[in-house]
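This report describes a protein model, one topic at a time. Please keep the sequence and the structure in view while reading.

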Amino acid sequence: MFAFLIRRIIQAALVMLVVASIAFLMFRFLGDPISNLLPEDATVQDRAEMREKMGLNDPVVVQYGRFIVDAAQGDFGQSYRNNRPVSDLLAERFPATAELVLVAASLALALGIPLGIYTALNPRGWLSQGLQVISLLGISVPTFVTGILLILVFSVSLGWLPSFGRGTVVDLGWWTTGFLTVSGLKALILPAIMLALFQMTLIMRLVRAEMLEVLRTDYIKFAKARGIPNRMLHFKYALKNTLIPVMTIFGLQLGGLIAFAIITETVFQWPGMGFLFIQAVNFTDVPVMAAYLVLVSFIFVVINTLVDLLYNVADPRLRAEKKPARGV
Amino acid sequence: MSNFVPMLYSVWDSDISYSFRKSRVAVISALVLLAMFLTAIFAPSIAPQNPFDIAELDLFDSELPPFWAEGGNTAYLLGTDTQARDVLSSIMHGMRISLLVGFASVILAAVMGVTLGLLGGFLGGIVDAVLMRIADVLLSFPPILVALLINGVLRGALPSSAQAESALIVLILSIGLTNWVQYARTVRGSTMVERRKEYIEAARTLGTGKVAIMMKHILPNVLGPVLVIATINLGMAVLTEATLSFLGVGMPPTQPSLGTLIQIGNEFLFSGIWWVVVFPAAALAILVLAVNLLGDWLRDALNPKLR
């Protein structure tokens, strides 16, 4: 277990190093940082000073080393577009994205797992058939279209829910939250549904497929033959093994949610990191792009590593494989 | 010409064709797709209006609802937008661009992925190791994020004056460069299996060169799954293009794809002209759904386990 942990951490560090190198290359060779940071009427001398101050005259290796050290401390320089430290911008936006992703993920799990179990246990029921059709639609209809339809119905036609922004937020000093006000919670509903829908259909299909698979295995048949009641059979024995792959996929999808939040945030003008990133792409604001890339990769890598570790803890078969097999 | 009829018959009689005729879903999606492809190809000649020709636009006809709604005009079946462009014609032209980007990026990804997978699987060693590590890193990120990044980098590398004209190329490159990994992995796997077989050994003994073995002997035997991946990938590519355009980093409004049309319509959501956004969105959803259904069918039909 310990060796596995070390190996996973080294692997994660390598991925981060690759990502940081890409970020550095973008930062160094995409556009001219000097002309982006100085006003239009800067003199040649101003430029030279700026160049020296930013260390752009040093050898590339030295610059690279400095970039990595700064990045590890969360310093990504100044945004080209609004001349503020990138780390401040991201820190400001982070709570909005985190709350959105958290609510969407909980929603997807809370609905996806029960619906998946239901469709697996009653595959012929009309509700199951209907859900299968809806899930197929959920996978084919682009998420931004779902978002627009939600706005059309609930904001434009019915006027029940706001279509943009976070509503009133409470500033806790280091974190701004929309959970504590009515308008904040109302603003959260539509974006969270839009973001959760795709993940929910995915989890539902996965739970259904896994559950059907598990119900066919010998140990369930034996349990049935022993006369164990259905309820116990399904929820005590089958569900446990169903949820192991669901856990892995969900962990990976959590990263996906952060990326998909870019689209949701654009549709609902949600002031999160994704919205910041898409504006940065639009204006080629390289420091923001690079910082977002590094931050999101870091979150991904942490989640992936944790999921791998959890997988090992949850599934004893994986641990057994490491030892020499006994018998056949 | 003499063996054309028997050939046609053997195609009709093949397993694939039988399974196709038996699957109602596959036939319907194929017909829908065919209609959409033809519309896209002939859009300039069959569209009721050229939405890019200002001379054809009449501002008095702007914001008309679809023909069945009150105030609608049968000259504009699906209504018009704020600049009097016919929504139906815009969709036809938009579909053309969406499909063009979709097909071009799928071809780019397939050619790149097959080549790299073939090289990695056949040569092994350091080439293979490097390729697969790159693939691992790419796969650990959601495709939309990778495409956005490549898009941002490419746009950043271009002078801002050239960005509008090169939007099409930039999109094709960013989507193609995102999606090659799947092809590469699959082809690499089957190449490694083929490489050890006797006919390759025989070719080697005969003194056939490495390139010739890869192109002539291995390639035809590893292409099967590529077709399935390409079909499913087409749906994804069209969707990615639409998403990028919707986010404002894809096709410009002067040359709109379906995604751009939805983005433009989205700005007028609150002014009540719902048809400007709903119809392009529906066209996009139907297109992607049809491609996905056809891809699902093809995957099952080519899967020997399910026969």
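## Salt bridges

A search of the whole structure, over all chains, finds 3 salt bridges, a salt bridge being a side-chain nitrogen of Lys or Arg within 4 Å of a carboxyl oxygen of Asp or Glu. Side chains of opposite charge can pair when their charged atoms come close. The structure is a predicted model, in which local features need pLDDT of at least 70, side-chain atom pairs count only at pLDDT 80 or more, and totals for chains, interfaces and linings use all residues. Residues are numbered from 1 along each chain as its sequence is written, chains are lettered from A and ligands numbered from 1 in the order in which they are written, and side-chain values use heavy atoms, with hydrogens and water left out.

In chain A, Arg84(A) and Glu92(A) form a salt bridge through their side chains, at 2.6 Å from N to O. Arg84(A) is partly exposed, with a relative accessible area of 31%, and Glu92(A) is partly exposed at 43%. Here buried means under 20% relative accessible area, exposed means over 50%, and partly exposed lies in between (1.4 Å probe, protein chains only).

In chain B, the side chains of Asp128(B) and Arg188(B) meet in a salt bridge of 2.6 Å, N to O. This pair links distant parts of the chain, 60 residues apart: Asp128(B) belongs to helix 5 (residues 125–139) and Arg188(B) to helix 7 (residues 167–195) of chain B. Helices (H or I, at least four residues) and strands (E, at least two) are DSSP runs, numbered from the N terminus. Asp128(B) is buried, because its relative accessible area is 9%. Glu194(B) and Lys197(B) also meet in a salt bridge, at 3.2 Å from N to O. Glu194(B) is buried at 10% relative accessible area, whereas Lys197(B) is partly exposed at 37%.

## The fold of chain B

Chain B contains 12 helices and 0 strands. Of its 307 residues, 48% are buried. Among contacts between residues at least 6 apart in sequence, 70% join residues at least 24 apart; contact means heavy atoms within 4.5 Å.

## The interface of chain A and chain B

How many residues does each chain give to the contact? Chain A gives 35 residues and chain B gives 34 residues. The two chains bury about 3000 Å² between them, 83% of it on carbon and sulfur atoms. Buried area is the accessible area (1.4 Å probe) that two parts lose on being put together, summed over both. Ser140(A), Phe144(A) and Ile148(A) supply 18% of the area that chain A buries against chain B, more than any other three residues.

The elements that give two or more residues to this side of chain A include helix 6 (126–140) and helix 7 (143–157). Across the interface, the rule finds 0 salt bridges.

## Two places in chain A

Ile139(A) lies in helix 6 of chain A and is partly exposed, with a relative accessible area of 26%. Leaving aside neighbours within four places in sequence, Ile139(A) is in contact with Phe198(A), Thr201(A), Leu202(A) and Arg205(A).

Phe179(A) is in the loop between strand 2 (176–177) and helix 8 (182–215) of chain A. Its relative accessible area is 34%, so Phe179(A) is partly exposed.
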